[in-house]
Amino acid sequence: MAERSVLVTGGTGGLGGAVTAAFAAAGWRVVVADLRPAEDDGSLAVAADLTDPAGAARAVEVAAGEPAAPLRAVVNLVGGYASGGLVHETPIEEFDRMLTLNLRPTYLVTRAALPRLTAAGGGAVVCVSARAALAPFPGVAGYVTAKAAVLAFANAVAVEYRASGVRCNTVLPSVIDTPANRAAQPDADHSRWVAPAEIAPVVRFLASDESAPTSGAAVPVHGRA
């Protein structure tokens with residue numbers, strides 16, 4: 001029987017399968033929250049709109065619903081990428097969409113989970129930003145801003161909840177080697193991208209007791225990019 005639970009948001013995405021598998025292999029009770037139905041991978045699936053406060057709260061309630069395996073970690077994987085023109089060419093709707101997709105679910109789920117984590121005696125939150133948050137490139141102002149905001153939010157959580165035993169760290173991937181990204185960039189050198197299976201152990205480590213002294217870290221997971 002698992003003795004602790006982790007909530008993985010966006011668990012059916014390109015990175016989600018590897019992260020879910022890493023926690024399951026380590027003996028965690030894994031709850032996956034996403035809009036899409038989850039595959040039969042042994043995790044407990046919750047279909048929820050995590051941009052909605054009620055959906056985020058429901059996902060956390062399910063994740064914290066097993067007294068024998070209290071919620072001890074949240075992994076915020078929900079996010080997305082969009083490229084476009086320069087700032088003056090970017091519609092406000094597209095800019096807002098990047099903030100809604102990348103920042104809002106991370107905020108809502110983390111906000112709902114923090115009382116549960118503190119009640120359980122502490123735990124960990126892991127967020128996903130991007131290397132572009134620190135090293136921007138042209139044409140993705142909304143994406144860069146949203147990922148930078150995720151990093152700033154994670155650092156705020158780390159400071160505010162340190163005394164409650166809740167840690168918060170962030171991973172910063174380059175381009176993740178997923179089928180969707182390969183389809184979008186068929187001519188890129190995919191060997192330089194970082195594989196989900198390489199990122200997942202880092203995420204699991206940041207959620208585990210092994211990384212107990214670490215909070216407020218921004219961990220690069222760039223592969224060879």
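A residue is called buried here when its relative accessible area is under 20%, and exposed when that area is over 50%. The structure is a predicted model.

**The sheet**

Seven strands form an open sheet in the order E3-E2-E1-E4-E5-E6-E7, and their pairing is parallel. E3 and strand E7 (218-221) are the edge strands; each has a single partner, so one side of each lacks a neighbour in the sheet. From one strand to the next, the twist averages 20 degrees.

| Strand pair | Sense | Bridges | Residues opposite each other |
|---|---|---|---|
| E1 and E2 | parallel | five bridges | Leu7 and Val31 |
| E1 and E4 | parallel | five bridges | Ser5 and Leu71 |
| E4 and E5 | parallel | four bridges | Asn76 and Cys127 |

E4 is largely enclosed by the rest of the structure, because five of its six residues are buried.

**Helices on the sheet**

H4 lies across E1, E4, E5 and strand E6 (166-173), and runs at about 170 degrees to E4. Helix H5 (residues 141-160) also packs on the sheet, where it touches E5, E6 and E7. The direction of H5 makes about 160 degrees with that of E6.

**Helix H2**

Helix H2 spans residues 53-63, and its buried residues are Gly55, Ala56, Ala59, Val60 and Ala63. Viewed down the axis of H2, these buried residues fall within an arc of 135 degrees, so they line one face of the helix. In general, an α-helix has 3.6 residues a turn, so residues three or four places apart point the same way.

What covers the buried residues of H2? The cover includes strand E1 (5-9), strand E2 (29-34), strand E3 (44-47), strand E4 (71-76) and helix H4 (104-119).

**Cysteines**

How many disulfides does the structure hold? It holds zero. A disulfide is a covalent bond between the sulfur atoms of two cysteines. For Cys127, the closest cysteine sulfur is in Cys168, at 4.1 Å, which is too far for a bond. The cut-off for a disulfide is a pair of cysteine sulfur atoms within 2.5 Å. Is Cys127 buried or exposed? Cys127 has 1% relative accessibility and therefore counts as buried. Cys168 likewise counts as buried, because its relative accessibility is 1%.

Methods. Residues numbered from 1 in each chain as written. Predicted model: local features only at pLDDT ≥ 70, side-chain atom pairs only at ≥ 80, totals over all residues. Heavy atoms only, no water. Buried < 20%, exposed > 50% of the residue type's maximum accessible area, 1.4 Å probe, protein only. Helix = DSSP H or I, 4+ residues; strand = E, 2+ residues; numbered from the N terminus. Arc of directions from axis to C-beta. Contact = heavy atoms within 4.5 Å. Pairing = 2+ DSSP bridges. Axes fitted to C-alpha atoms, helices over the stretch in contact; angles between N-to-C directions.
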